[in-house]
Amino acid sequence: MNDCDVIVVGAGPSGSEAAWALARRGLRVGLVTDSLDSVYRLETPVDSPPRGGLLARVWSADTWELHRRAKYALEAEETLRLFQSSVTGLLHGGGRVTGVKTWEGFSYRAGAVVLAVGSFLGAVLRAGALEEAAGRLGEAAYPDLYEHLRGLGFAFEPDSYLVPESDGAPAYTVSFQRFAPGEREEASGGLLRLPGLYAVGRVALGHTPAPVRAASGRALGEVLVPGGSG
Ligand SMILES: Cc1cc2nc3c(=O)[nH]c(=O)nc-3n(C[C@H](O)[C@H](O)[C@H](O)COP(=O)(O)OP(=O)(O)OC[C@H]3O[C@@H](n4cnc5c(N)ncnc54)[C@H](O)[C@@H]3O)c2cc1C
């Protein structure tokens, strides 16, 4: 018996949009993320609201206010459960994904799993002479999930992006690993190596603007059929 229909890992723009769109369709969604304090946290503001989805509903030019509104909207969805936990690996059997394992020791079963883990696989932040691999403040970027996916045979390629200096905070570069192009079917977002597993946002598309990453999550959430062939 599954704990929910779909588990979404990571509550950044792409994961939050996917989870919200799935829940609006009445599906039971588990949205699991490293830190509830960084749900829909953008590193730079989106200047004007895009059309459609959660971002349009909760948009604010103030990134903290956007985070607060998005978290509130997600928690208000009856079939969505938002919780803080760190996913270390996937459960699989019968040739498809069946759920996730967490660092805390719990496992959750679902008909589909969406990886929306942003730039957290093999991540390193560089700001001037500082080099850090520990993750965003309060969010440990453990290597477990990345190593687990590599152990399953998934191929990755390196990517990086620069966050410019703002409000006195120095500029920084984040280097990370994203799924190699041949791993993912573009139209469905499905990862070909393990049916039922999907990827959206930076871990799938590489570095793109936040509204594009949000749209990738929303598009998947509007069509994904748990237990389907994708
Ligand atoms: C080492 C390092 C340190 C950093 N420190 C800071 C900092 O102190 N302050 C700051 O503003 N920015 C920091 N950043 C930058 C920040 O992480 C990114 O710039 C950006 O805000 C996150 O965007 P994203 O696309 O990676 O993730 P998003 O798509 O926005 O979010 C992905 C979400 O997935 C969650 N997630 C990832 N892996 C898992 C998992 N296995 N289980 C559960 N949830 C998971 C993450 O917690 C995250 O919330 C740091 C980055 C790195 C690599």
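1. Two residues are in contact if their C-beta atoms, placed from the backbone, lie within 7 Å. With neighbours within four places in sequence left aside, Val9 is in contact with Gly15, Val32, Val87, Val100, Val113, Val114, Leu115, Ala116 and Val117.

2. Housekeeping before the rest. This is a predicted model, where local features need pLDDT of at least 70 and side-chain atom pairs count only at pLDDT 80 or more, while totals for chains, interfaces and linings use all residues. Numbering starts from 1 along each chain, following the sequence as written.

3. Overall shape: the C-alpha trace of the protein chain spans about 50 × 35 × 35 Å along its principal axes. The radius of gyration, taken over C-alpha atoms, is judged against a globule rule of 2.2 Å times the number of residues to the power 0.38. For 230 residues a compact globule would come out near 17 Å, and the protein chain has 16 Å, which agrees.

4. Secondary structure next. The protein chain has six helices and 11 strands; both are DSSP runs numbered from the N terminus, helices being H or I with at least four residues and strands E with at least two. Among contacts between residues at least 6 apart in sequence, 64% join residues at least 24 apart.

5. On burial, the cut-offs go like this: a residue is buried if 20 or more other C-beta atoms (placed from the backbone) lie within 10 Å of its own, exposed if 12 or fewer, and partly exposed in between. By that count, 43% of the 230 residues of the protein chain are buried. A nonpolar core is a set of buried Ala, Val, Leu, Ile, Met, Phe, Trp, Tyr and Cys residues joined through C-beta atoms within 7 Å. The largest one here has 62 residues, and Val6, Val9, Val113 and Val114 have the most contacts inside it.

6. Back to Val9 and its strand. Six of the six residues of β1 (residues 4-9) are buried, so the strand is largely enclosed by the rest of the structure. Strands pair if DSSP finds at least two bridges between them. β1 pairs in the parallel sense with β6 (residues 107-115) over five bridges, and the β6 bridge partner of Val9 is Leu115. β1 and β2 also run parallel, joined by four bridges, with Val8 opposite Leu31 in β2.

7. Now the ligand. A residue is near a molecule if its C-beta atom, placed from the backbone, lies within 6 Å of it. There are 35 residues around the ligand, and Gly10, Gly12, Asp34, Gly118 and Ser119 come nearest. α1 (13-24), β2 (29-33) and β7 (124-127) each supply at least two residues of the shell. The shell divides into 17 nonpolar, 11 polar and seven charged residues, where Ala, Val, Leu, Ile, Met, Phe, Trp, Tyr, Cys and Pro count as nonpolar, Asp, Glu, Lys and Arg as charged, and the others, Gly among them, as polar.

8. β7 has partners of its own. It pairs antiparallel with β8 (residues 130-132) over three bridges, and the two form a hairpin with two residues between them; Gly128 in that turn has a positive phi of about 60°. β7 also pairs antiparallel with β10 over three bridges. Leu125 takes part on both sides: it stands opposite Glu132 in β8 and opposite Val174 in β10.

9. Another hairpin to look at is β4 with β5. β4 (residues 87-93) and β5 (residues 96-102) run antiparallel and are joined by six bridges, and Gly89 has Lys101 as its bridge partner in β5. Two residues sit between the strands, and Gly94 in the turn has a positive phi of about 60°.

10. One backbone angle I'd check is Tyr40, with a positive phi of about 50° although it is not a glycine. Tyr40 lies in the loop between β2 and α2 (53-58), and it counts as buried because it has 26 C-beta neighbours inside 10 Å.

11. Ala180 lies in the loop between β10 (172-179) and β11 (197-199) and counts as exposed, with 11 C-beta neighbours inside 10 Å. Not counting residues up to four places away in sequence, Ala180 touches Ala155, Phe156 and Glu157. Glu65, in helix α3 (residues 63-76), is partly exposed with 13 other C-beta atoms within 10 Å.
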